[in-house]
Amino acid sequence: MRYTVNASIMLTDLPVLERPAAVARAGFSAVEFWWPFPTTTPSEREIEDFARSLEDANVQLTGLNFFAGDMSAGERGVLSHPTRTDEFRRGVDSLVRVARATGCRAFNALHGNRLPDVPVAEQDDAAVENLRYAADAVAVFGGTVLVEPLSGASTYPLRTAADVMAVLDRVDCPNVKLLADFYHLAVNGEDVEALI
């Protein structure tokens, strides 16, 4: 079994580009990040520097989030926000460049919190179309899009495996799958043993 260190929630006292080396010093060879860039569309130099930090540390990037908005301000994705589709898709295009530079093949697409002034059906339709776009973009190099249920965000609509599976049924792409985060599922009341 190989453990992956989430360097977006651990080692946060260090700059992003120093975290892969810290992961390696701690004895791990795999790392995941949320979106590690300050903008939706990092420059080629930013992507190269990020990839070099992984390579220099001999650490493999095993998971990467799609651009998900301002996570520190409580945003949990923009996938379902109709007015941010262009922004999300620019982020997908950037993610593809990062994936090609790092060899990462698993990508977490956070759905997005519910918007109070936009019909739910319109939000869900945007999510489905954006997931299809993301799935097509990463399929060419064997990438998988993961959709995650979350706890601790009252306006985030995907809380159970069934919530995610309903979205996946609509998306109907073989490389879009459930990210079974057992912590979030258990906190939300899921019978994890039965789910497994």
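This report describes the strand pairing and helix packing of a predicted model.

## Basis of the description

The model is predicted: local features need pLDDT of at least 70, side-chain atom pairs count only at pLDDT 80 or more, and totals for chains, interfaces and linings use all residues. Residues are numbered from 1 along each chain as its sequence is written, and side-chain values use heavy atoms, with hydrogens and water left out.

## The sheet

Six strands form an open sheet in the order E1-E2-E3-E4-E5-E6, with parallel pairing. Strands (E, at least two residues) and helices (H or I, at least four) are DSSP runs numbered from the N terminus, and two strands pair if DSSP finds at least two bridges between them. At the edges stand E1 (5–6) and E6 (176–178), each of which pairs on one side only.

E6 runs parallel to E5 (residues 144–147), to which three bridges join it. Within this pair, Leu146 has Lys177 in E6 as its bridge partner.

E2 (residues 30–33) pairs with E3 (residues 60–65) in the parallel sense over four bridges, and Ala30 stands opposite Gln60 in E3. From E2 the chain passes through helix H2 (residues 44–57) to E3 in a right-handed β-α-β crossover. Right-handed here denotes a clockwise path from the first strand over the helix to the second, with the strands pointing away from the viewer.

E3 also pairs with E4 (residues 106–108), in the parallel sense and over two bridges. Asn65 has Asn108 in E4 as its bridge partner. Together with helix H3 (residues 85–102), E3 and E4 make a right-handed β-α-β unit.

## Packing of helix H4

The axes of H3 and H4 (residues 120–139) come within 10 Å and cross at roughly 15°. H3 is therefore roughly parallel to H4, a term for angles under 35 degrees. Axes are lines fitted to C-alpha atoms, for helices over the stretch in contact, and angles run from 0 to 180 degrees between N-to-C directions. The crossing is right-handed, that is, the near helix is turned clockwise from the far one by less than a right angle.

Residues of H3 in contact (heavy atoms within 4.5 Å) with H4 include Phe88, Val92 and Val96, and among those of H4 are Tyr133, Ala137 and Val138. By class, this contact has eight nonpolar, two polar and three charged residues; Ala, Val, Leu, Ile, Met, Phe, Trp, Tyr, Cys and Pro count as nonpolar, Asp, Glu, Lys and Arg as charged, and the others, Gly among them, as polar. H4 also lies across E4, E5 and E6, running at about 150° to E5.

Notes
Angles under 35 degrees count as roughly parallel, over 145 as roughly antiparallel, 65 to 115 as roughly perpendicular and the rest as oblique.
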